[in-house]
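Please look at the sequence and the structure together, and keep both in view while you read. The paragraphs that follow move from one part of the chain to another.

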Amino acid sequence: AVSSARPNQSNPSHRLPPMSSAAPAGGIRTAGAAAFLLLGFTLYQSFFSTGIVYGWTALLLLLQEEGVYRNRCAENDPNCPERIVAFNLVFSVGAAVNVSGGIACGLWVDSVGPRVGIMSGLVMVMLGSVLLGLCDSEGDWPWPLAYALYGLGGSCVHLSSFSLGNAFGKGKGIVVSSLVAMFSISSLTFQSVQLGYQAGLGRRVLFLIHVGLEAVNLCFSWWLWPKRALAPGQRLRFEGGRPTPIAKTNGQESPKAEKAPSSSTGIMARMRAALRCARSAKFAFFIMFHTTQLFLNRVTMGWMGAELLWKQEKLLRTGQELDVDAQLAWFNFSQSVAGFIAIPAFGTVVARFGHRYAPATVTAGLAVAALALRPWAEVGLLPVLYLLAACHRQFFFSTFFTFMISEFPPELFATLSGMANFLAGVASFLQNPLLDVVLGALSGDFTWPLVAQLGVASAVFAGTLFAWLRSACATRPPAPSSKEGVEESTETCATQPPAPSSEECIEECIETSTA
């Protein structure tokens with residue numbers, strides 16, 4: 001009786017099919033020149049904007065050389081706890097806004113479309129570089145404000161780009177993985193800035209160059225990106241010298257007539273629709289996993305400089321040395337580049353075991369492996385730690401975006417991603433006050449905080465592994481013992497109704513929320 005009383009309205013999120021159940025036709029080979037041109041430009045543009053906040057370790061070296069927050073320390077102590085915590089706050093603000101600000105960016109992008117979403121994000125990134133290039137090094141507020149602009153602008157650019165995968169049909173997974181990889185490698189932007197600074201270019205010149213490059217990207221984004229997000233089944237063709245979406249090739253309605261959320265739907269109606277579609281145990285459990293992994297990643301990024309100073313002191317007691325600046329440079333480089341080796345590994349895991357449980361289990365396992373090495377000060381273990389941390393970061397982001405775009409309606413992808421990121425971003429900000437406690441009450445000893453994180457990571461790994469094994473056992477079909485068994489199984493499958501499309505789900509969500 002319960003199942004017949006309009007179950008899809010009581011919880012429409014249960015109707016959401018995996019994207020693979022309605023995969024669009026075509027692929028990489030049939031995408032066309034317009035789609036490849038837009039993809040190439042988007043990857044290039046992403047390098048300068050989407051994930052630059054995570055190149056913090058390289059920017060930190062530049063800001064230290066510029067004397068930022070130097071007035072917080074005594075003359076003979078340039079690395080006092082007060083200055084370390086102040087720098088960590090800058091990164092924490094940018095990283096938290098990049099994640100938790102996704103809810104605002106998601107609503108904005110789903111309302112105005114990818115063209116305006118990307119252009120507005122680029123404007124925020126440009127304002128951030130203007131602040132970093134022109135503000136006085138003795139100021140306090142410009143640094144976290146600039147990093148907040150980087151985080152919010154990068155999120156808007158990143159979320160606006162994912163609908164491009166629909167132009168590649170069955171090759172969407174490759175496009176999504178490429179965008180995630182470029183998000184990771186974009187942290188090398190500040191590595192390039194640091195190299196230019198070492199070569200003699202001033203801070204103002206370097207960041208104004210970045211502003212100029214983003215201004216050029218802004219113009220090309222206006223010309224190349226369509227106004228509306230690409231729907232599954234749409235293709236891009238050149239019309240008037242710019243990539244233009246064309247009607248679906250399977251006889252469905254034209255893009256202008258598609259019944260998908262638009263700016264006319266309204267922000268509140270869109271939010272209610274997203275809340276109804278996300279009201280499921282699946283979404284709640286994924287948020288918990290997402291929050292823990294993001295927190296562990298942010299602690300790794302935000303604490304690494306202080307951790308290396310702690311390890312340097314430990315090594316000095318045994319007569320060994322550790323070049324902290326060089327290690328920070330290698331850590332930042334590995335986070336950007338070494339994560340690329342995880343791309344084919346991630347693709348293999350998803351292709352062989354699916355997107356629901358296996359990627360999360362491998363991600364949690366990488367977190368456990370990296371945390372098991374972090375308390376040790378041996379120099380030979382540091383490259384292994386950097387590699388594991390980079391692979392964890394790549395798997396973490398790939399798992400998140402692949403799960404969100406596969407399990408929920410693509411028309412609300414940006415909004416739902418922002419909702420999932422909001423609580424995770426707030427939780428990740430806790431690493432800043434925790435660092436203050438470590439440097440203060442614990443006298444800079446990271447041992448027990450790292451052991452506690454290892455315990456959390458191990459619990460998450462055990463939970464995801466259990467869920468994966470349980471799902472594998474539950475979905476394994478029993479071997480038919482007779483011809484009758486095969487016929488009965490075939491008849492049962494044939495009587496099951498087809499999974500509704502994401503368009504039907506989103507229409508129902510909007511109708512229910514606006515009723």
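Phe 238 stands opposite Pro 243 in β2, and this pair belongs to strands β1 (residues 235-239) and β2 (residues 242-246), which run antiparallel and are joined by 5 bridges. Two strands are said to pair if DSSP finds at least two bridges between them; helices (H or I, at least four residues) and strands (E, at least two) are themselves DSSP runs, numbered from the N terminus. The two strands form a hairpin with 2 residues between them, and Gly 240 in the turn has a positive phi of about 70 degrees.

A word on the model itself: it is predicted, so local features need pLDDT of at least 70 and side-chain atom pairs count only at pLDDT 80 or more, while totals for chains, interfaces and linings use all residues. Residues are numbered from 1 along each chain as its sequence is written, and side-chain values use heavy atoms, with hydrogens and water left out.

Leaving aside neighbours within four places in sequence, Val 93 is in contact (heavy atoms within 4.5 Å) with Pro 144, Ala 148 and Phe 429.

Ala 274, in helix α11 (residues 267-277), is buried, with a relative accessible area of 0%; buried means under 20%, exposed over 50% and partly exposed in between, with a 1.4 Å probe and protein chains only. Ala 274 and Thr 415 are 141 residues apart in sequence, yet 6.9 Å apart in space, C-alpha to C-alpha. Beyond its neighbours within four places, Ala 274 is in contact with Leu 412, Thr 415, Leu 416 and Met 419.

Which residues touch the most other members of the largest nonpolar core? A nonpolar core is a set of buried Ala, Val, Leu, Ile, Met, Phe, Trp, Tyr and Cys residues joined through side-chain atoms within 4.5 Å, and in this one, of 116 residues, they are Trp 56, Tyr 147, Tyr 150, Leu 164, Phe 190 and Phe 401. Helix α16 (residues 382-407) gives the most to this core, with 13 residues. A second, separate core of 17 residues includes Leu 296, Ala 306, Leu 435 and Leu 439.
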